[in-house]
Amino acid sequence: MQREGTDNYRIPSGCAICGIFNRDGKRISGSDIIQAIAIMHERSNGLGGGFAGYGIYPEYKEYYAFHIFYDDDRAKVTCEEYLNKHFDVVNLSRIPTKKHPKIVNEPLIFRYFVLPHPADLFSSQLDEQEYTSLCVTRINTDIEGAYVFSSGKNMGVFKAVGYPEDVGSFYKLDEYNAYCWTAHGRYPTNTPGWWGGAHPFSLLDCSIVHNGEISSYDANRRYIEMFGYKCNLLTDTEVIAYILDFLVRKLGLTYSEAASVIAAPFWSTIDRKDKEEKERLTYLRNTFSSLLITGPFSIIAGFSGGIMALNDRLKLRSMVVGEKGPAVYISSEESAIRKICKDLDSVYSPRGGEPVIYTLRGGIS
Amino acid sequence: MNYVIIGNSTAAIAAIEGIRSIDKQGRITLISIENHHTYSRPLISYLLQGKTDFDKMKYRPDSFYEDNSVTVVLGKKAVKVIPDMKAVILEDSSSYEYDRLLIATGSLPFVPDISGLDKVKSMHTFMTLDDALELEKSINDKSNVLVLGAGLIGLKCCEAIKDKVASVTVIDLAKQVLPSILDKTSSDIVAQHIEKQGVKLKLSCSIKQVYENSALLTDDSVVRFDALVMAVGVRPNISLLRAAGVDTNRGVLINQCCATSIEDIYCAGDCAEGYDMTADCKKILALLPNAYMQGFCAGVNMAGEEKIYLSGMPMNALSLMGLHILTAGIYEGEEYVFQDKKGYKRLFYKDDMLKGFILVDDIECAGIYTAMIRNKTLLSSMDFDLIKKKPALCALAQERRTSLLNRKETW
Amino acid sequence: MQVNDMKMIKVNEKWCLGCHLCEYYCAFANSGVEDMVKALKDMMIQPKLRIEQKDKISFAVSCRHCEDPICVKSCITGALSIIDNVVSIDKKRCIGCYTCVLVCPYGAVMPSQEGAVRKCELCVGNSVSSPACVSACPNKAIELVEV
Amino acid sequence: MPINYIIPQFEIVRDQSRCIKCRVCERQCANEVHHYDEDYKIMVADESKCVNCHRCVALCPTSALKIVKNQDSFKENGNWTAEIITDVYKQASSGGVLLSSMGNPMKFPVYWDKLLINASQVTNPSIDPLREPMETKTFLGQKKHEIKRDNEGRIISNLGPQLELSTPIMFSAMSYGSLSYNAHESLARAAKSLSILYNTGEGGLHEDFYQYGSNTIVQVASGRFGVHKDYLNAGAAVEIKMGQGAKPGIGGHLPGTKITEDVSKTRMIPVGTDAISPAPHHDIYSIEDLNQLVMSLKHATDFKKPVIVKIAAVHNVSAIASGIARSGADIIAIDGFRGGTGAAPVRIRDNVGIPIELALASVDTRLRNEGIRDNVSLVVGGSIRSSADVVKAIALGADAVYIATAALLALGCHLCRTCYSGKCNWGIATQREDLVKRLNPEIGYERLVNLINAWTHEIKEMMGGMGINSIEALRGNRLMLRGIGLNEKELEILGVRHAGE
């Protein structure tokens, strides 16, 4: 299957996004998220669907769970050679799938639970996450036919070419339990579709599903690539993921502060703030001015222990948030939420540029 | 307040405007010997010339008296003023009481008693509208007219009739025309100009004896005439107030408020003798601008407010058969003379101040000279050499002219 | 700016270039002729303002529309009068005796060829909306200001 | 010399049927072209003196004047053009260097005109500038990539001094001396009213304009004219002039005639002496010397003012820029070969330097490849002619643009290219009192404000069309551009795809 991004064309796309998060860490099966995303069938065109689940590998929660697509065995062999050189591979298996008439041309899909070699890690003078993300980037750039599409701890991304509800059943997600699920249905307009190009896009434990098309793409991309990131897929999701990775993981900003960069308030709004807040917001917006994202977008970012939903400043894309007890539902359409939870305690649509962040109250149950 | 005004020309009208600028309610009664709406006397020559008409001659619009609620009594002569009773008696023995009285009776023509004058059937003076109309009636394109006096009135009368009669002859005792306001050079210019226009001029001579249609002159020559115009001079018309015991000289003496020596009696115009700032003494200034200023000043004072008028000075603006003559002030001190095809100029200055000037045809911006005289502007404070050539504001110091032009200061 | 409440043409000689455009536009605006060439070609122009020049300094002078105008008081025919704060001339009644020229301390009332004097009337009643000299000046040396 | 080799460039065509002989043209022409012939009672013109500055045409009340290219021409020749022939004649008689003014007029390609701007459609909406705020505010200065927090976890601002612009446009360097006092006042007041900045140029800052300090960039050039402590601290930023687009590699020459009393006081040089800015800064012979000057200026201004280094767009401009980006400078200004000048040798102006579009693109790419793009802000000029040029410059990677020729045009300049003569009929590039008077700053500053407001409005319209509502999202956003009529190499340097791709 022809890999996206190689012909150097940007891939604009409309989409559906959905997320479920349980603040008490109670894990639920994937069936709810599948039902919800299925409602928004019309928002995708069958060329991509995917899910991210957090807390699905309790038994391996200390290990990085790599999900890798291989075009062929040769790629698998080369990649595993690389993995064994840099990581202790604790467990290796094919990701269990179930034949589905609408999911075709499936690549080899394998899962590895790994930890970086302590010696290699020490000599690389990098922290564990940086080491791992560099290896993932190297595999995806240099090893022909191999693509790591998930690389976080105690989380995993499951995606393919097809409608999301079909992808969900293909990966038998009802057999997984997660405290946080995100889902995405893709409607690309510039590609025949590719398994790796589906959302969510993830790096380490941060996963992004995105609906929209940002006009500031090239300004953001050409800035973030200064910091070692390679935007191979040329999709908005990829660049947003790298931006959040850079701001949160590398610079140590909180997700809320990161939101004040990528969806910075208008100068007129900033001017109305009190002196301290004004200085803070001006600092963030001025220092990272090239990471301001304009043009319509709505994203759900999943990360270990939390979820963030964010609309562009003008709210040119729909997004609704519903709450029922500890459970939080986020979706492009309210209908999807009502499908899996009839009576909600509250439902609201967040203002443009206003981050909606929920985190676990305690541990994962 | 009950105001009575004798006279209906410039000074009287100005007084009405002066009163009404202060007192909108007071009763004003205007009594005039002439039976006409107020008209501008100098225009009688233009009427005869056909350059104006009865309507355009009016000094103020028809509604003037009504707008200022003035009761008008025309064609009645005031014969007696009784200050004690504060009353004025007219010839028809009707009487008008006044709280304030203004005499603006102007001047009367002076007719010298030349022997044989009583035999002349067509003898005229040229002061009032009626004089002009009578003169017009008695002349035709075959008439020869003799005008005695080459002053302002005489020459304006010539200008008025020269195209309507066969010939006009002007004689004057003086050696030059307009002796009161011009110097030798400028009057020669005027003389040559009017002779070129077909007016016969005989200077330094007068009438020894006059007959019905001819006059024997002092140079023993005889001039035939069908009409004789007496324009030798004028006398201020002050008999009324003199009889009432008011201090008079040639004219009625008035102070800076145009008040006479008797309380509540004011006087303005050609019959008043007020302060002439250039001569620094009281003189009769029989000029229209002066009449207006005095009339207005009197009006304001009569209405109870205080107004002072001490800036009167002699000045004349005369257009004569195409020539334009502007003169002002007194002719004393050093002088600057300049003449070219554009015109003649003579300036008089003393004690670092401009005193007077005579301009013939080169008259642009003459008002700047007049203002310099009136305001005693120090010549050393300006570029006098520049201003000699042409009156200009740029001769003034920069801040002075800027504040003048921006109306921060007045002259 | 409504012309007839207390208005005045203010000239700032600092900016006057002595180019004389105000003179020509003034003559044109008051000519009653639509086309400037027809109005002014081969004619002695009759502007309502005059320009003074002394080496590098130059400025236009026009009627100050004084509150207590000596010209109106001295006018022997009553042709000069104040209408809506603008000292106006009734051309039909003026016989050109030039007493106003004799008394105006600014030289802002000028003799003219056809007899009746010419003076600035702030372009009230002629074809242009605001005074022509103001819009003609290329360097904003002439402005219409509130007094 | 009885033989007159030089054919006058222009012909003055006067429609005698319209000329009302008001003599305004005669009074307003400092080159004494027009003259009233008393005998024939008509206006006549000596075209040999005409520089086509259009002052007469613009002021003629009956539009009776037209300046046309002289019909009389040399024999048609593809190689030896009229200009080149005339230049030989001039030098054969004068033996001197040919001087001219303003930017390079040669027919080299103008890349702005070969770049097309994107518009959003269907997949993402354009943003309605009537409903949404369109933000053109920009900060120029060094940005950092690490976050410092105080003990309460609050972020500490670690940025160096920044310049805040309401719109990404500034007035470029034009010195007092080359320009008139009134031109400088117009620029200063316009900068203040627009809350952007103007550049004093290398002639120092007149004491009357210290009040506009917060909207002023004070320049330090090789001549160090008018440079002292108060001067450095008067402005909002200090610019070191290393080069000028119109004359890369050579110094500046302001003829003594222009050094009046006022100019000499401001420049701290004697009246009437020629003001020569030496070719190199004689204390900067290498990049580390520049670091030293940058640091000394920072110390002199107590690290409160951003330091700008202005360079000409020359062949190795991206290497130079990379060096400057590491020198501690806050902003790099690049001046393209179309940039204007008061006076420069014709040959240098017409043949030295490279187009700003290519210089900008390669510098932006080089700094990003080296990861130091955020060390400096990029300001480009020479020349920016319209708001479309501004959008394209920002999309290529500039933070803001410098305009000067456009500003002069707004003030009335007609690009007659004879600023060096000092007889500018529009009162801009002259010190002659009677000519300086012709530019009333009240009018000048208003026209500049109109121009910048108009451009900013247009920029907002174009941004809205692209689905962008903040200028930051346009900077370096090369996907928003497409090339047309460009070869592969040009597209590659500009980092832009061809239209249709």
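In chain B of this predicted model, five strands make up an open sheet with parallel pairing, in the order β9-β16-β10-β11-β12. The edges of this sheet are β9 (123–124) and β12 (199–203) of chain B, each of which pairs on one side only.

- Strand β10 (residues 144–148) of chain B runs parallel to strand β16 (residues 227–230) of chain B, and four bridges join the two.
- Within this pairing, B:Val147 has B:Val229 of β16(B) as its bridge partner.
- In general, the strands of a sheet pair through backbone hydrogen bonds, in either a parallel or an antiparallel manner.

**Overall build of chain B**
- The secondary structure of chain B consists of 12 helices and 26 strands.
- Taken along the principal axes, the box filled by the C-alpha atoms of chain B is roughly 60 × 60 × 35 Å.
- Of the 411 residues in chain B, 46% are buried.
- Among contacts in chain B with a separation of 6 or more, 61% are between residues 24 or more positions apart.

**Overall build of chain A**
- Chain A contains 11 helices and 18 strands.
- For 365 residues the globule rule gives 21 Å, and the radius of gyration of chain A is close to this at 19 Å, so chain A is as compact as a globular protein of that length.
- The C-alpha trace of chain A spans about 60 × 50 × 45 Å along its principal axes.
- Buried residues account for 55% of the 365 residues of chain A.
- Of the contacts in chain A between residues at least 6 apart in sequence, 76% join residues at least 24 apart.

**The largest nonpolar core**
- The largest nonpolar core has 438 residues, and those that touch the most other members are B:Ala15, C:Cys133, D:Ile332 and D:Ile334.
- Helix α9 (residues 288–302) of chain B supplies the largest share of this core, with nine residues.
- Beyond its neighbours within four places in sequence, D:Ile332 is in contact with D:Val309, D:Ile311, D:Ala321, D:Ile324, D:Ala325, D:Val376 and D:Leu378.

**Contacts between chains**
- Chain C meets chain B through 30 residues of chain C and 36 residues of chain B.
- On the side of chain C that touches chain B, two or more residues come from each of β1 (7–11), β2 (50–54), β3 (57–61), α3 (70–74) and α4 (99–103) of chain C.
- The element that gives the most to this side is α4(C), with four residues.
- By residue class, the side of chain C that touches chain B comprises 17 nonpolar, six polar and seven charged residues.
- Chain B does not touch chain D, and the nearest C-alpha atoms of these two chains are 17 Å apart.
- Chain A and chain B likewise do not touch, with 44 Å between their nearest C-alpha atoms.

**Domains of chain D**
- The domain assignment divides chain D into domain 1 (10–96) and domain 2 (138–498).
- The centres of domain 1 and domain 2 of chain D, taken over C-alpha atoms, are separated by 35 Å.
- Nine residues from domain 1 of chain D and seven residues from domain 2 of chain D take part in the contact.
- The side of domain 1 of chain D that touches domain 2 of chain D has four nonpolar residues, four polar and one charged.

How values were computed. Residues numbered from 1 in each chain as written. Chains lettered and ligands numbered in written order. Predicted model: local features only at pLDDT ≥ 70, side-chain atom pairs only at ≥ 80, totals over all residues. Nonpolar A, V, L, I, M, F, W, Y, C, P; charged D, E, K, R; others polar. Domains from an automatic or database assignment. Core = buried A, V, L, I, M, F, W, Y, C linked by C-beta atoms within 7 Å. Buried ≥ 20, exposed ≤ 12 C-beta atoms within 10 Å, placed from the backbone. Pairing = 2+ DSSP bridges. Rg over C-alpha atoms; globule rule 2.2 N^0.38 Å.
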